Amino acid sequence: TNSLNGNRVRYTWDTVDEGACPAGSAAKGRLTRIAGPDSTITYCYTTHGEVTRRVEVIAGVTLVTQWRYRTNGQREAMVYPDGTVVDYVYGANGLVTGLGVTRPGAAREVLLQDVQYAPSGPPVAWTFGNGLPMRRTLTRDYRPGTVEDGDPDGASIGLGLGYEFDQ
């Protein structure tokens with residue numbers, strides 16, 4: 001239990017909320033519930049510790065966000081309370097190479113594609129769903145060097161950033 005602005009906030013660990021979590025949910029060693037005066041948030045987990053469900057009740061309104069995983073532990077999709085689904089695309093190396101979104105009653109749209117990574121590091125290039133690419137360079141210790149948008153044909157929003165660091 002903690003106090004925030006004079007309101008009590010209670011944290012619960014290691015207990016599966018049978019009303020909010022599907023059968024087989026794991027809780028040991030996990031935060032499973034946060035309760036305040038006007039809201040509660042419940043978390044459900046796989047046996048490997050991935051969050052599968054977040055149930056938030058605010059002033060009587062329930063919002064459920066869900067995550068699905070592949071058997072290898074890769075996140076497959078995230079489902080927002082309104083039913084919008086964000087899906088993850090993976091390359092042969094197991095890293096995310098794209099994201100898509102499907103809104104209820106609509107076709108899937110590409111948000112991000114062709115993601116490229118630095119060796120053992122973060123993404124350095126990708127293409128947005130509207131076709132505009134983004135590139136960034138990194139220093140040897142993976143700090144940002146430059147960030148640029150645009151393609152060879154000149155389509156750009158004009159982003160060009162450079163970073164310098166004191167040694």
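Guide: The following account begins with the whole chain and then turns to one part of it. The model is a predicted one. In the secondary structure of the protein chain there are 0 helices and 14 strands. Read from the N terminus, the order of elements is accordingly β-β-β-β-β-β-β-β-β-β-β-β-β-β. The chain has 167 residues, and 29% of them are buried. Among contacts with a separation of 6 or more, 6% come from residues 24 or more positions apart.

Gln-74 belongs to the loop between strand S6, residues 61–69, and strand S7, residues 75–79. Is Gln-74 buried or exposed? Its relative accessibility is 15%, so Gln-74 counts as buried, the cut-off for a buried residue being under 20%. When neighbours within four places in sequence are left aside, Gln-74 is in contact with Arg-68, Tyr-69, Tyr-90 and Gly-94.

Strand S7 is joined by 3 bridges to strand S8, which covers residues 85–90, and the two run antiparallel. Within this pairing, Met-78 has Val-86 in S8 as its bridge partner. S7 and S8 form a hairpin, with 5 residues between the strands. In the turn of this hairpin, Gly-83 has a positive phi of about 95°.

Strand S8 also pairs with strand S9, residues 96–102, through 6 bridges, and these strands too run antiparallel. Here Asp-87 has Gly-100 in S9 as its bridge partner. A hairpin is formed by S8 and S9 as well, with 5 residues between them. The glycine in this turn is Gly-94, whose positive phi is about 85°.

Leu-63 is found in S6. With a relative accessible area of 35%, Leu-63 is partly exposed. Together with Ile-58 and Val-61, Leu-63 forms a nonpolar patch on the surface, and the accessible area of the three is about 230 Å².

A positive phi also occurs in residues other than glycine. Asp-14 is not a glycine, yet its phi is positive, at about 70°. Asp-14 has its place in the loop between S2 and S3, and at 47% relative accessibility it counts as partly exposed. Ser-120 likewise has a positive phi, near 55°. Ser-120 is found in the loop between strand S10, residues 109–117, and strand S11, residues 123–128. Its relative accessible area is 82%, so Ser-120 is exposed.

A search of the whole structure finds 1 disulfide. It is formed by Cys-21 and Cys-44, with their sulfur atoms 2.0 Å apart. Cys-21 lies in the loop between strands S2 and S3 and Cys-44 in strand S4, so the pair ties together parts that are 23 residues apart in sequence. The link is left-handed, with -85° about the S-S bond, and both Cys-21 and Cys-44 are buried.

Definitions and conventions. Residues numbered from 1 in each chain as written. Predicted model: local features only at pLDDT ≥ 70, side-chain atom pairs only at ≥ 80, totals over all residues. Heavy atoms only, no water. Disulfide = S-S within 2.5 Å. Helix = DSSP H or I, 4+ residues; strand = E, 2+ residues; numbered from the N terminus. Buried < 20%, exposed > 50% of the residue type's maximum accessible area, 1.4 Å probe, protein only. Contact = heavy atoms within 4.5 Å. Pairing = 2+ DSSP bridges. Patch = residues over 30% accessible without salt bridge, like charges linked within 9 Å, V, L, I, M, F, W, Y side chains within 5 Å. Areas by Shrake-Rupley, 256 points an atom, 1.4 Å probe, with all protein chains shown as cover. Salt bridge = Lys/Arg side-chain N within 4 Å of Asp/Glu carboxyl O.
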